[in-house]
Amino acid sequence: MWISRITKRICAGGGRLEDPDLLLSIADGICGRTVCAHGEGMAWPVQSNVSKFKDEYLAKIRRQLAGEGASRLDNNSYRLI
Amino acid sequence: MSDLVNINIDGKPCAVPAGLNVIEAAKLAGVEIPHFCYHPNLQVAGSCRLCLVSIGTPARDRATGEPVLNPDGTQKIAFMPMLAISCGTKVSEGMHVVTNSPQVKAAREGVLEFLLLNHPLDCPICDKAGECKLQEYSENFGRGRSRYVEEKNAKPKKVPVAGGRIMLDAERCVLCSRCIRFCREIIGRDIFGFIRRGSKNEISVYGDDGGDSNYIMNVVDGCPVGALTEAAFRFKMRPWFMRVVNCVAPESSAGVNTNVWVRENTIYRITPRANPFVNDSWTSDSSRYEYKIVNSDLRLRRMRVDGAPCEPGYALSRAVDVLKSDPRIAVVASARQPLEEQFLLAEFASMAGAKVYAVSHLGEDDGFLVSADRTPNMRGLFVSGLIKEYPKPDLSDLAAEIRMGNIKTVLCLCEDATSLGLEEKDFKLANFVYCGVNDSLTARLAKVALAISSNFEHAGLFINRQFRLQKFDKAVCAPKGVLDFSAIAVKFINAFGASLAENPDIGQLRMRISEMCPILPKGCETGEGGVVIDSSAFASIKFPETKSLHFLDNE
Amino acid sequence: MPIQERRILYRHIDVEGWNPSIDCYVKNGGYEVLKSAVSRPRAELCEEVLKSGIKGRGGAGFPMGMKWKFLDRKSGKPIYLICNADESEPGTCVDREIIYKDPHQLIEGVMCAAYAIDAKQAFIYIRGEYINGYRILINAINEARERGFVGKNICGSQYSCEINVTRGAGCYICGEETGLISSLAGMRAYPRIKPPYFPAVMGLYDCPTVVNNVKSLCWVPIIFKEGGEAVSKIGNPKDPGTYVWGVSGQVQKPGRYEIESGSATLGELLYDLCGGPLAGRSFKAVIPGGSSMKILKWGETFKVPMPDGSAREWRVEDIPLDGPSLMACGSALGSGGVIVMDNTVDMAEAMANLNAFYAHESCGQGTPCREG
């Protein structure tokens with residue numbers, strides 16, 4: 001939920017530079033502490049995706065902060081929860 | 001007798017009874033493990049994940065089963081790689097529990113952070129502030145600053161449920177499911193339930209919303225946050241301003257332990273006090289509002305002689321005159337009085353040669369915490385020797401005696417005789433001295449009416465249906481002009497020739513009655529959960545209470 | 001050796017002239033295994049499954065034989081078998097083929113397994129969205145019942161077992177075994193804590209229950225027929241059998257490919273069988289086992305220790321397609337749904353898409369998963 005809101009915010013143009021590390025921190029906070037494996041299923045993609053593609057995230061956020069690039073508000077393949 | 005199991009909590013070895021879970025074992029060792037969804041009297045849910053601790057068991061070689069030793073010869077402890085929930089783990093021999101490692105601390109911080117993400121900032125207007133577990137745990141184990149900058153979930157607030165007795169605030173809910181489990185397991189039907197999914201999970205009520213249950217308000221005490229609050233107490237007072245007094249509910253012979261919350265001589269609310277032998281952590285809704293008698297309009301506040309209000313001193317001396325006027329005297333004892341007053345009454349009755357009557361107040365036994373006997377201390381009447389048989393529900397015997405002319409003076413305690421078989425004409429045939437809390441026709445017709453303190457205004461002892469002696473303390477002071485019955489009784493006894501100390505101290509009273517009655521413990525010491533006294537002398541008496549919680553249910 | 005498919009579970013699918021009816025299945029040797037299984041001792045059959053070493057095909061990869069061994073047979077309570085056909089893991093679409101095109105293979109598998117564990121009743125919990133699959137299954141079960149393969153006195157033996165097909169209602173968490181058990185019993189699909197609610201001890205209605213995936217149950221008749229030893233020799237000995245890889249995403253030929261475990265690498269699957277990336281693009285990342293598994297980035301290398309003590313360096317395309325190898329590279333086999341992303345994909349968008357799914361599908365019981 002929190003992770004989903006952050007990634008949506010990044011895609012909508014409101015990313016902050018601390019967001020990738022925040023995502024990793026949240027994902028670490030979920031792993032190993034849940035009732036069933038759904039938590040890990042949610043956290044593993046985030047952990048691997050953000051850590052392996054961190055440059056891409058930071059580049060995207062920097063572009064947003066510099067005001068370049070259109071924000072993808074018209075992409076409704078995902079919904080805000 | 002349960003066996004003891006040796007475990008080690010945070011480096012400290014201790015022995016705890018087998019079959020406990022780790023939270024309870026840690027509590028015995030003095031270590032607090034924070035938890036939300038676990039409740040000692042409900043089934044384990046294991047969903048809040050706040051009680052995660054590091055658990056290790058003695059390492060054994062997989063192949064041979066032999067213990068694996070450390071280089072220094074001590075048993076090696078194999079800690080599980082992931083944290084385990086302590087509410088769901090039972091203690092086993094040699095278990096090591098670590099609650100203060102960095103991993104556990106990080107887990108607690110993480111879970112608390114997650115709980116606070118969508119929690120509204122309601123503390124200033126939330127009734128639970130001051131006794132809120134979320135506040136406590138955030139203070140002790142939390143992160144401090146929030147990292148959340150998104151929008152919080154919006155859910156219904158200020159929803160009245162249970163016929164308006166409870167206010168539900170779904171945003172504050174931490175989804176511990178205690179209310180759901182309570183209703184399902186204790187009340188016996190589903191009243192609360194979750195709707196929606198994920199973070200939008202909300203607590204809601206099903207159709208009939210529990211308005212007809214006499215136990216629904218226990219969810220207010222069970223709720224660790226301010227999601228379910230008592231409507232009658234809403235915005236009335238902050239918990240840290242109030243003083244808590246240990247009392248026993250006078251509603252019935254169940255003897256439910258309660259906490260009475262008082263500030264500046266006003267009672268604000270009653271909540272259950274945990275007693276694993278009597279009421280677990282529950283009480284009935286009806287017993288929560290018993291304190292209303294303290295200030296009700298029905299209260300007898302002035303002493304009266306011949307119908308006219310007067311000073312207590314004058315009323316007392318007139319009462320003594322009346323009682324000494326004729327030796328044909330009867331006493332109507334009350335099962336609502338505490339044991340000390342009953343013993344004093346018994347002393348008076350024997351000194352005055354009075355015949356003792358009592359009344360039983362019966363209702364339907366709900367099989368839980370409201371028993372068939374709606375008085376708190378019927379067994380005290382037996383133990384104090386006032387009665388030998390279970391009393392009838394009316395005073396027809398007394399009425400007959402009065403009409404035959406055999407009784408000329410009656411000392412009537414806390415019973416409205418006119419609704420129990422006596423008529424106005426009987427008050428002309430005999431002189432009545434009425435001592436009671438509430439005003440009534442009897443009080444108005446009596447020659448002398450003495451206003452006495454209610455069970456919230458003096459300390460005392462009750463004996464409940466289990467023959468358990470339990471003590472309760474004084475919550476508030478009686479209104480001006482109202483006396484304690486123990487002081488009045490001493491005056492009466494002394495008028496008949498004794499020389500007891502005036503205004504007796506409750507400790508001295510208890511010591512005296514324990515000397516008079518050998519089945520009572522010395523000084524009437526009751527310990528933490530009350531003490532069961534020997535009831536074999538009363539084994540032949542047919543008491544009306546039936547199988548209930550911790551009573552005749554083989555527990 | 002160029003990559004080859006070895007179609008065992010998919011042997012009938014997309015075969016010319018095949019149809020899902022029972023006549024077609026029986027004509028091609030169907031239900032023979034069931035007929036012979038009901039005359040063999042149960043302990044022997046369970047032993048075969050254990051010897052085969054086949055791991056559960058649902059995603060968790062727990063050995064099927066061991067799961068059956070944990071079953072509490074002494075409690076006196078009835079045993080239940082549940083087939084988990086709630087294929088909701090994003091990227092996974094392989095069970096569907098079996099249900100839609102070869103349902104009798106599944107039914108034979110369910111009945112063989114039910115007999116082996118002495119189940120009182122078998123359930124197939126199918127995803128609510130597979131409406132036609134549900135109808136096909138009902139029809140197939142009726143056909144099988146008429147011929148005595150389902151219901152009373154199976155194949156003329158003393159054993160009776162009914163199959164009950166239940167539809168889900170659109171919830172991912174119903175694919176989790178304890179969530180499925182709760183949902184099947186009519187309650188909200190909240191996974192239950194283990195302990196004490198191990199399905200093998202306290203499962204459906206608090207009775208011992210075995211929950212297996214569709215593909216795992218389809219292996220059961222094969223194990224009974226060929227023997228556990230023989231099956232254990234197929235593919236990588238640590239992870240025997242074949243895996244069906246449902247490849248989706250930006251490849252030339254997405255589809256379902258059944259390959260012996262460990263017999264080919266990821267690169268061979270994607271470049272040879274699937275035809276490589278789309279024109280003018282290059283691969284960027286792949287999620288090998290359904291969206292819950294960790295992503296592999298093209299260009300990454302992994303140092304993997306070998307059994308002989310040496311260490312090899314694998315690129316993404318060198319990873320053999322079996323469970324232990326993928327785990328050694330930090331990911332996992334999962335459900336076998338391969339999602340391929342090429343260089344036109346914005347990872348943040350992909351991530352947002354995925355996270356919205358997980359946020360939406362969380363049951364809400366446990367705090368970290370619900371709020372995090």
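Let's start between two domains of chain B. Domain 1 (4-100) and domain 2 (150-295) both contribute residues to the lining of the second largest pocket, so the pocket lies between them. Keep in mind that this is a predicted model.

How big is that pocket? Its volume is about 1,100 Å³. The lining counts 38 residues, and those closest to the pocket centre are B:His39, B:Lys133, B:Arg178, B:Asp221 and B:Ser281.

Which elements of chain B supply at least two lining residues each? Three are helices: helix 1 (22-28), helix 3 (133-141) and helix 5 (218-222). Then come the strands: strand 11 (228-230), strand 13 (257-263) and strand 14 (266-272).

By class, 17 residues are nonpolar, 13 are charged and eight are polar.

On to chain C. Its fold has eleven strands and 14 helices. The radius of gyration is 21 Å, close to the 21 Å from the globule rule for 372 residues, so chain C is as compact as a globular protein of that length. Along the principal axes, the C-alpha atoms of chain C fill a box of roughly 60 × 50 × 45 Å.

What share of chain C counts as buried? The figure is 60% of the 372 residues.

Last, the contacts. Take those in chain C between residues at least 6 apart in sequence. Of these, 69% join residues at least 24 apart.

To recap: in chain B, a pocket between domain 1 and domain 2. In chain C, 14 helices and eleven strands, with 60% of residues buried. That's it from me.

Note on methods: Residues numbered from 1 in each chain as written. Chains lettered and ligands numbered in written order. Predicted model: local features only at pLDDT ≥ 70, side-chain atom pairs only at ≥ 80, totals over all residues. Heavy atoms only, no water. 1 Å grid on protein atoms, 1.4 Å probe; cavity = no way out; pocket = protein on both sides within 12 Å on 5 of 7 lines; lining within 4 Å. Points joined across faces, edges and corners; volume = space filled by probe spheres on them. Helix = DSSP H or I, 4+ residues; strand = E, 2+ residues; numbered from the N terminus. Nonpolar A, V, L, I, M, F, W, Y, C, P; charged D, E, K, R; others polar. Domains from an automatic or database assignment. Rg over C-alpha atoms; globule rule 2.2 N^0.38 Å. Buried < 20%, exposed > 50% of the residue type's maximum accessible area, 1.4 Å probe, protein only. Contact = heavy atoms within 4.5 Å.
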